[in-house]
Amino acid sequence: MKQPIIKTISIKNDVVFGENVTVIQPVNLYGCKVEEDCFVGPFVEIQKEVQIGKRTRIQSHTFICELVTIGDDCFIGHGVMFINDVFSKGGPARGDTSLWKSTKIGNHVSIGSNATILPVEICDHVVIGAGAVVTKNIKQSGIYAGNPARKIKDLESNG
């Protein structure tokens, strides 16, 4: 019987960390930048060309693919999946990065557990409900939920 190939979960040398970052192993991080005072939970993968802003918290089992930028003071819940391949030619890009699209998450964005985020832009001060599927840009602050995600409520002002 052939032995299985086992790859260890790791943090590569090309990861750039700000000060005071907490990472709970096991994780798979490579080619990304994680700013100061962030938290990265266990079983998280953050791929190359990803930027995570200051004081952002990434909960366990989250997958952040290439070309994602997340702002400051964000919360990414358990099991959130970011997508960069939208099958624009009817099937997977199979490594053709020219077919991938980027995602930009603003500041003060909270994304609930098990949400799926397609290549979109999300403005500042947004809450994405658990299990939501974000398929289009979000240009107004508020609370969004459902599949596809839609605005269900304004955020209360702190004034």
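Q: What share of the contacts in the protein chain between residues at least 6 apart in sequence join residues at least 24 apart?
A: A contact means heavy atoms within 4.5 Å. Among contacts in the protein chain between residues at least 6 apart in sequence, the share joining residues at least 24 apart is 15%. This is a predicted model, in which local features need pLDDT of at least 70 and side-chain atom pairs count only at pLDDT 80 or more, while totals for chains, interfaces and linings use all residues. Residues are numbered from 1 along each chain as its sequence is written, and side-chain values use heavy atoms, with hydrogens and water left out.

Q: How many helices and strands are there in the protein chain?
A: Helices (H or I, at least four residues) and strands (E, at least two) are DSSP runs, numbered from the N terminus. The protein chain has zero helices and 20 strands.

Q: What is the order of the strands in the open sheet of six?
A: Strands of a sheet pair through backbone hydrogen bonds, either parallel or antiparallel. Two strands count as paired if DSSP finds at least two bridges between them. Here the order is β1-β4-β7-β10-β13-β16, with parallel pairing. At the edges are β1 (16-17) and β16 (121-122), each pairing on one side only. Within this topic, β4 (residues 33-34) and β7 (residues 51-52) pair in the parallel sense over two bridges; K33 has Q51 in β7 as its bridge partner.

Q: Which strands stand at the edges of the open sheet of eight?
A: That sheet runs β2-β5-β8-β11-β14-β17-β19-β20, with mixed pairing. The edge strands are β2 (22-23) and β20 (150-153); each has a single partner strand, so one side of each is left without a neighbour in the sheet. Strands β5 (residues 39-40) and β8 (residues 57-58) pair in the parallel sense over two bridges, and the bridge partner of F39 in β8 is R57.

Q: Where does R57 lie relative to F39?
A: A charge sits over a ring if NZ of Lys or CZ of Arg is within 6 Å of the ring centre and within 35 degrees of the ring normal. R57 lies over the face of F39, 3.9 Å from the ring centre.

Q: Why does C74 form no disulfide?
A: A disulfide is a pair of cysteine sulfur atoms within 2.5 Å. The search of the whole structure finds zero disulfides. For C74, the closest cysteine sulfur is in C38, at 9.3 Å, too far for a bond. For C123, the closest is in C74, at 11 Å, also too far for a bond.
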